[in-house]
Amino acid sequence: MIETKPGPSLFKRNPPIAGEAEAIEAAKNGDAEAFSKLYALHKRRVYTLCLRMLGNVSEAEDMTQEAFLHLFRKIGSFRGESAFSTWLHRLTVNLVLMHLRKKGLNLVSLEETINPSEDDAPKRDFGSRDPQLAGSVDRVALERAVTSLPPGYRMVFILHDVEGFEHNEIATMLECSTGNSKSQLHKARLKLRELLRQPEQSIQQAGLKEAAQ
């Protein structure tokens with residue numbers, strides 16, 4: 001399982017929840033009520049992650065249920081080396097990626113590559129923080145714009161800028177090169193800035209078109 005490193009995120013996660021640690025330990029011992037509490041505490045954030053990655057409400061609902069079924073089987077392996085929400089998000093990301101592979105979908109666009117010899121050059125470091133997107137952008141508008149991104153762009157943007165994975169980790173998960181991940185992120189950010197300059201109606205129409213594909 002791939003570990004994440006803490007880093008800045010455009011979508012801030014909630015801090016640790018009161019009573020969560022006790023519920024985790026009780027759930028490890030088979031306490032159904034404690035597991036139900038964990039489900040209630042985290043279902044919204046897990047669903048939001050699934051929806052961002054899949055862009056489809058029905059699939060997101062199914063994968064949310066699958067994530068918690070998987071959690072029920074795997075919670076005994078949680079050692080507290082990272083925040084529970086981070087561990088659960090990582091578990092969810094892996095399940096969604098497996099789901100997409102089973103559907104035979106390309107997780108990144110093969111044409112979005114850069115010259116491997118330029119991967120480490122500072123002037124082409126597409127993975128650096130983007131102050132224009134990290135500034136005061138309306139959250140709802142940003143969410144809609146992210147949803148309307150092409151699947152490959154959306155996947156890398158969510159994994160890097162939202163979930164905090166490094167490019168080498170994303171490359172492993174998506175089975176692509178580090179340069180490919182950087183290029184996808186760079187183009188995703190350009191597309192987002194373009195979308196955020198458009199009227200709200202245009203963003204919504206783009207999102208509906210993307211969801212229908």
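In this predicted model, Glu59 counts as buried at 18% relative accessibility, where buried means under 20% relative accessible area, exposed means over 50% and partly exposed lies in between (1.4 Å probe, protein chains only). The chain has ten helices and zero strands; helices (H or I, at least four residues) and strands (E, at least two) are DSSP runs numbered from the N terminus. Of the 213 residues in the chain, 45% are buried. Because the model is predicted, local features need pLDDT of at least 70 and side-chain atom pairs count only at pLDDT 80 or more, while totals for chains, interfaces and linings use all residues. Residues are numbered from 1 along each chain as its sequence is written, and side-chain values use heavy atoms, with hydrogens and water left out.

**Overall layout**

- From the N terminus on, the elements run α-α-α-α-α-α-α-α-α-α.
- Contact means heavy atoms within 4.5 Å. Among contacts between residues at least 6 apart in sequence, 73% join residues at least 24 apart.

**Salt bridges**

- Six salt bridges are present in the structure, each being a side-chain nitrogen of Lys or Arg within 4 Å of a carboxyl oxygen of Asp or Glu.
- Side chains of opposite charge can pair when their charged atoms come close.
- Glu59 is the partner of Lys103 in one of these bridges, with the closest N and O atoms 2.8 Å apart. Lys103 lies in the loop between helix H4 (84–102) and helix H5 (131–134), and Glu59 lies in helix H3 (residues 57–74), so the pair ties together parts that are 44 residues apart in sequence. Lys103 is partly exposed, at 43% relative accessibility.
- Arg52 and Glu143 form another salt bridge through their side chains, at 2.5 Å from N to O. This pair links distant parts of the chain, with Arg52 in helix H2 (residues 32–54) and Glu143 in helix H6 (residues 139–147), 91 residues apart. Arg52 is buried, with a relative accessible area of 11%, and Glu143 is also buried, at 18% relative accessibility.
- Glu25 pairs with Lys28 in a salt bridge whose closest N and O atoms are 3.6 Å apart. Glu25 and Lys28 are separated by about one helical turn because they are three residues apart in helix H1 (residues 20–28). Glu25 is partly exposed, with a relative accessible area of 44%; Lys28 is partly exposed too, with 27%.
- An α-helix has 3.6 residues a turn, so residues three or four places apart point the same way.

**Nonpolar core**

- A nonpolar core is a set of buried Ala, Val, Leu, Ile, Met, Phe, Trp, Tyr and Cys residues joined through side-chain atoms within 4.5 Å. The largest one has 49 residues, and Met53, Phe84, Leu159 and Leu174 have the most contacts inside it.
- At least two residues of this core come from each of H1, H2, H3, H4, H6, helix H7 (151–162), helix H8 (167–174) and helix H9 (178–196). H4 gives the most, with nine residues.
- Leaving aside neighbours within four places in sequence, Phe84 is in contact with Glu20, Ile24, Leu38, His42, Leu71, Ile75 and Phe78.

**Packing of H2 and H3**

- Two packed helices are described by the angle between their axes and the distance between the axes.
- The axes of H2 and H3 come within 8 Å and cross at roughly 140°. Axes are lines fitted to C-alpha atoms, for helices over the stretch in contact, and angles run from 0 to 180 degrees between N-to-C directions.
- H2 is therefore oblique to H3; angles under 35 degrees count as roughly parallel, over 145 as roughly antiparallel, 65 to 115 as roughly perpendicular and the rest as oblique.
- The crossing of H2 and H3 is right-handed, meaning that the near helix is turned clockwise from the far one by less than a right angle, with anticlockwise being left-handed.
- Residues making the contact include Phe35, Leu38 and Val46 of H2 and Glu59, Ala60 and Leu71 of H3.

**Val46 in H2**

- Val46 is in helix H2 and is buried, with a relative accessible area of 1%.
- Not counting residues up to four places away in sequence, Val46 touches Thr64, Ala67, Phe68, Leu88 and Thr92.
- The C-alpha atoms of Val46 and Ala60 are separated by 9.0 Å, and these residues are 14 residues apart along the chain.

**Helix H7**

- H7 is mostly covered, with eleven of its twelve residues buried. Among them are Arg154, His160 and Asp161.
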